[in-house]
There are 2 protein chains.
Amino acid sequence: MGERIRCPALKDRVMTADQAALLIESGMTVAVSGFTPSGNPKAVPLALAEQVRSGRRRVRVNLLSGASTGPEIDNTWAELDMIARRVPYITSTALRRAVNGASPEGVAYLDQHLGMTAQNARYGFYGPIDVAVVEAVAITEAGDIIPSTAVGCTQTYVALAKKVIVEINTVQPEGLEGFHDIYLPADPPDRQPIPLTAVDQRIGRPYIACGPDKIAAVVWCDMAVKPRPLAAPDETSQRIADNIVSFLEAERAAGRLSAGQVPLQSGVGSVANAVLVGLENAGFRHLAFYSEVIQDGVIKLMDAGCCDMASATSLSMSREGMTHFVQNLEDYRGRIILRDSEISNGAEIIRRLGVIAMNTAVEADIYGNVNSSQMNGTSIYNGIGGSGDYARNSSVSIFMTASTAKGGTISSIVPMATHVDHTEHDVDVLVTEQGYADLRGRSPKERAALIIENCAHPAYRPQLRRYFERACAATHGAQTPQLLEEAFSFHLRYKNTGSMLEPAEE
Amino acid sequence: MGERIRCPALKDRVMTADQAALLIESGMTVAVSGFTPSGNPKAVPLALAEQVRSGRRRVRVNLLSGASTGPEIDNTWAELDMIARRVPYITSTALRRAVNGASPEGVAYLDQHLGMTAQNARYGFYGPIDVAVVEAVAITEAGDIIPSTAVGCTQTYVALAKKVIVEINTVQPEGLEGFHDIYLPADPPDRQPIPLTAVDQRIGRPYIACGPDKIAAVVWCDMAVKPRPLAAPDETSQRIADNIVSFLEAERAAGRLSAGQVPLQSGVGSVANAVLVGLENAGFRHLAFYSEVIQDGVIKLMDAGCCDMASATSLSMSREGMTHFVQNLEDYRGRIILRDSEISNGAEIIRRLGVIAMNTAVEADIYGNVNSSQMNGTSIYNGIGGSGDYARNSSVSIFMTASTAKGGTISSIVPMATHVDHTEHDVDVLVTEQGYADLRGRSPKERAALIIENCAHPAYRPQLRRYFERACAATHGAQTPQLLEEAFSFHLRYKNTGSMLEPAEE
């Protein structure tokens, strides 16, 4: 294993996770590697948690990462109330509860565009970074860091941190070296055009520049990733996927989409994977992905010969998917590139490549505003993630959701979204299992008709139509007819009766 | 005057405005040059309106432009119900009324990010363009067009249009030739990095490529621009400006802003002009502007030696300002560059240059969501314009508003914005005449405290505090505490009582 630490000066900085965790003090701002449950450090965060759990220390820190983290950090630390501030994204149940009020001392969570986190950190929005904790597969002779399965903001965090703790994860294959393309843009006024013009192009270095001086500790880790399980799509998810594929087929038929011409951004989860299968079945070939996360489906498309290239900031696969990937690592070399999230989610590149974006909505209103983060405008679920980076800058911005939730008692199509993450200006196509609404070039009132008739569940169409008609009448056909007295009547009815559905006699 | 038409083949295509207007048929999609009341054609639109007004023809068209237009088009055509669809921005009172329901046949208005309009047109979102009508100061020997005081989307519209009508405006100085830098990016998958890295850099051509074949008519026009009057800032505007300058001074003191290091985007109106005066007084030198519109204040800063360079897509000055500019044209050559709105408002460039953005809010909520377009979420005022292009991609995104409107009966700070154009993720600093709230790195609940105490009018602070405290209690301190039953209580109180202010006994 010694060859993973190739820098001689660092061999005497190897210590236990428990020793390294003592470098993290309460009140510090700690930045960790990783993006989604992929590529984050494990041994040191768990050792720190154990120091707190055992009562040996009391530690509460500000935590920065690339996106969410694996359970070793967000979940474990939240359960011990170790997180005072959190940027930029969460998926942990325990942390979500803490953010929404369960933490006795409160967690200040700043939900931020993932493509802007590194830049904002460099601009000083989150204050100085005391320690960066980074998962690596190796350290080079020059003391630079070969990351594992995610890049995220690690290069920026390492550059800003006063000291760096490197966890070398021996379960992660050393062969990941060469899959990364690390590019740290200069900040204004010295920033230059990011020279990336194709998904398969390399513009940076295969390592995170660091140097031995900043590395305060090297820790061995042999813990495997705890991946999120990937559910098979249910019937609703499958229909959503089918409708997205139908839209893409219509685009192809209209000459607006040649297969392989522009890359796709594909979200996370079973619907996204079902879309990928649908694309294969619909005869799309030479696909490319420019996305934040590579999931199992992309690998399967590559294996099937339908996908040539994929670029992302994270490999976030099921256990089976990851095993297959590692066993066939060389097949994917040069076809999968892991970039900084500032590049994978960068406005400049997404717009240049003309990425087609597919993201998930929590609810959408009849005028095309999308809530992707907050239940009743109040309780955060995960956060905006990278959806805004892609939606705003894509050539076509698609949002998808099941038309109902909780057994049909909640309509995902409502008169007014209770929180807006993606405005009417950024939503081109809305898709549910009922169909799709192509909103491009449409005014708000035209959108309302399309969304109600094509996307809402039939059970909710009558009451949505009534709302829209009454709002049009009351506002004399204004640009975006709303009745402020009733804009949230669906949500309040659910709160009071357990269903958004109006009684039948109405 | 003959030297303004330098292409011999076009001399026999000169006709009257009335003759040229006959080329525009009902049902067509018409795209016009210009951006704000600057650079739009006048003679042909007025001739077409006269044909309609006199009952000679009935014409209703879809209208595209760079932003709003002068009164010759939006106002005149709206009064005659000649506009069926409108993209991407309006400021005309008559058209606003029509869009909000006064038009018997309705106007479908698509309010769109101005930086994306040209791209969306090329992507086909607005359908084919039948005729482009372009104001010019000259036509080159090769049949290319020298625009007047604005660029907007004209290059894209000319490239897409089946035929082009050129209005040569003899009131506009021929010396404007050379002030424009026209750059038409290729579309994906062939788009390359836009090579602009400095405000004063030229990357394109001084003319709009067209060629003689497409030009169906050339019309002489001697009508002056009808500029918007520029009011002197009132006391409230002056205080807002002072607070913005205070923020920028604090940034400079914190080492985050060296004068001249990053350019400013400055909105339209008296507050924006007051900010410019304030910057001069605060000792800022070597300023640069990367903006969509150049107003009088920028010219004055240049004259005072405080501003080196300004880039925009439109010169939109007062009559006095324009006269001064024209009389001293050569002083500004090379220091003012007019670009396509796709470049002036382009995500890639704004982010690269680190532009500091200053835009106006209609209302903001206590969590930092900004409404910049719709009264009561229903009636559109102007539209989002370029504010989203800058707010999302700037290094610091500032929004400003007076804390109250209509004699204090409306609070611009409300529990929940009735329409969201700029989400909490895109608003860094909120400024009113009361002070500023620096929201960078802050969670929603932290923002609420800052916005209420620093930005809300003192008369409204108690009721905003009560709402926030009760929402926190009712939601057990969730991420973004809202009471859906009362989220619009301020707006409904205004509707019912004529004031958002709660009765004193409460």
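## Close-up views of a predicted two-chain model

View 1. His180(A) sits in strand β8 of chain A. Strands (E, at least two residues) and helices (H or I, at least four) are DSSP runs, numbered from the N terminus. This is a predicted model: local features need pLDDT of at least 70, side-chain atom pairs count only at pLDDT 80 or more, and totals for chains, interfaces and linings use all residues. Residues are numbered from 1 along each chain as its sequence is written, chains are lettered from A and ligands numbered from 1 in the order in which they are written, and side-chain values use heavy atoms, with hydrogens and water left out.

Is His180(A) buried or exposed? His180(A) counts as buried, at 0% relative accessibility. Buried means under 20% relative accessible area, exposed means over 50%, and partly exposed lies in between (1.4 Å probe, protein chains only). A polar atom of the His180(A) side chain lies 2.6 Å from the backbone oxygen of Ser148(A). Contact means heavy atoms within 4.5 Å.

**View 2. Ile366(A) in a loop.** Ile366(A) is found between β17 (363-365) and β18 (370-371) of chain A. At 0% relative accessibility, Ile366(A) is buried. Leaving aside neighbours within four places in sequence, Ile366(A) is in contact with residues including Ile413(A), Val414(A), Pro415(A), Leu464(A), Tyr467(A) and Phe468(A). Ile366(A) and Leu450(A) are 84 residues apart in sequence. In space, their C-alpha atoms are 8.5 Å apart.

**View 3. Asp187(A) and Arg122(A).** The side chains of Asp187(A) and Arg122(A) meet in a salt bridge, 2.9 Å from N to O. This pair links distant parts of the chain, 65 residues apart. Asp187(A) is in the loop between β8 (180-181) and β9 (215-221), while Arg122(A) is in helix α5 (residues 117-122). A salt bridge is a side-chain nitrogen of Lys or Arg within 4 Å of a carboxyl oxygen of Asp or Glu. Asp187(A) is partly exposed, with a relative accessible area of 24%. Arg122(A) counts as buried, at 17%.

**View 4. Arg252(A) and Glu249(A) in one helix.** Both residues lie in helix α7 (residues 235-253) of chain A. They are three residues apart, about one turn of the helix. Arg252(A) is partly exposed, with a relative accessible area of 29%. Glu249(A) is partly exposed too, at 33%.

**View 5. A salt-bridge network in chain A.** Salt bridges link Arg4(A), Arg6(A), Glu174(A) and Glu177(A) in a network. How many salt bridges does a search of the whole structure find? Over all chains, the search finds 62.

**View 6. Arg470(B) and Glu486(B).** A salt bridge joins Arg470(B) and Glu486(B), with the closest N and O atoms 2.6 Å apart. The pair links distant parts of the chain: Arg470(B) is in helix α16 (residues 461-474), and Glu486(B) is in the loop between α16 and α17 (489-497). They are 16 residues apart. Arg470(B) is partly exposed, at 42% relative accessibility. Glu486(B) is partly exposed, at 26%.

**View 7. Helix α7 of chain B.** This helix has 19 residues (residues 235-253). Its end C-alpha atoms are 26 Å apart, which agrees with the 27 Å it should span at 1.5 Å a residue. The expected span is 1.5 Å times one less than the number of residues. Among the buried residues of α7(B) are Ile240(B), Ile244(B), Phe247(B) and Leu248(B). What covers the buried residues includes α8 (270-281), β16 (356-360) and β21 (396-400) of chain B. Just after α7(B), Gly255(B) takes a positive phi of about 80 degrees.

**View 8. Where chain A meets chain B.** In this view, 80 residues of chain A are in contact with 81 residues of chain B. The area buried between the chains is about 6,400 Å². Buried area is the accessible area (1.4 Å probe) that two parts lose on being put together, summed over both. Carbon and sulfur atoms give 52% of the area. Six salt bridges are counted between the chains. One of the salt bridges joins Glu485(B) and Lys495(A), at 2.4 Å from N to O. Helix α13(A) gives the most to the side of chain A that touches chain B, with five residues. By class, that side has 27 nonpolar, 33 polar and 20 charged residues. Here Ala, Val, Leu, Ile, Met, Phe, Trp, Tyr, Cys and Pro count as nonpolar, Asp, Glu, Lys and Arg as charged, and the others, Gly among them, as polar.

Definitions and conventions
Polar contact = N/O pair within 3.5 Å; in protein donor to acceptor, adjacent residues only side chain to side chain.
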